[in-house]
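Q: I have not looked at this one before. Can you put it up so we can go through it?
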Amino acid sequence: MSQTNVKPVRIVMLDDDPEDALLVSTAIKRLEYDVPFQHIQTSQAFTSYLSEDYITQSLESVVILLLDLNMPCKTGLEWLKELRSEAQYKDLIIVVFSTSGMTEERVRSLSLGADEHLGKPDRVQDLTRKLDILCRRYV
């Protein structure tokens, strides 16, 4: 991940569960390289992020959004549809991050434009491995 002329990766997580964010944060810290991480808990805060920070971050980094489907107020699928309908977010890598391993959910999220569908693992080691593969794929 030390190639020149390559944007670094940044992970932004939209998930209302702080325990899931702690799991992701812990896994990211175990990577062999630095990946900035930002946890956003509410749809309102995510709306602010999109209008205030995303454009700048996307110029400097490859932004990977870990998107929880079971958000209050506005679901992950609603966010996915909205983000994929707006040209300014075409470079945003959207990874649905879900506890459900249901095939139908995976197919639906991918058909709506998700780049990946990642099941929430129980172990930090498993998540670290999955995040490493994910980050290397988009660099």
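Q: Phe46 and Tyr49: buried or exposed?
A: Phe46 is buried, and Tyr49 is buried too. Buried is under 20% relative accessible area, exposed is over 50%, and partly exposed is in between, with a 1.4 Å probe and protein chains only. This is a predicted model, where local features need pLDDT of at least 70, side-chain atom pairs count only at pLDDT 80 or more, and totals for chains, interfaces and linings use all residues. Residues are numbered from 1 along each chain as its sequence is written, and side-chain values use heavy atoms, leaving out hydrogens and water.

Q: Where do Phe46 and Tyr49 lie?
A: Both are in helix H2 (residues 43-60), 3 residues apart, about one turn of the helix. Helices (H or I, at least four residues) and strands (E, at least two) are DSSP runs, numbered from the N terminus.

Q: How many aromatic pairs are there in the whole structure?
A: A search finds 4. Rings of Phe, Tyr and Trp (its six-membered ring) pair if their centres lie within 6.5 Å; planes under 30 degrees apart count as stacked, over 60 as edge-to-face, the rest as tilted. The ring centres of Phe46 and Tyr49 are 5.9 Å apart with planes at 20°, so that pair is stacked. For Tyr54 and Tyr89 the centres are 5.4 Å apart and the planes at 55°, so that pair is tilted.

Q: Where do Tyr54 and Tyr89 sit in the chain?
A: Tyr54 is in helix H2 and Tyr89 is in the loop between helix H3 (76-85) and S4, 35 residues apart, so to speak of the pair is to link distant parts of the chain. Both Tyr54 and Tyr89 are buried.

Q: Which residues form the aromatic cluster?
A: Phe46, Tyr49, Tyr54, Trp79 and Tyr89 form one cluster.

Q: And what lies over the face of Trp79?
A: Lys74 does, at 3.9 Å from the ring centre. A charge sits over a ring if NZ of Lys or CZ of Arg is within 6 Å of the ring centre and within 35 degrees of the ring normal.

Q: New topic: in what order do the strands of the sheet come?
A: The order is S2-S1-S3-S4-S5, 5 strands in an open sheet with parallel pairing. Two strands pair if DSSP finds at least two bridges between them. Strand S2 (37-40) and strand S5 (116-119) stand at the edges with a single partner strand each, so one side of each has no neighbour in the sheet.

Q: Which residue in S2 is the bridge partner of Ile11?
A: Phe37. Strand S1 (residues 9-14) and S2 pair in the parallel sense over 4 bridges.
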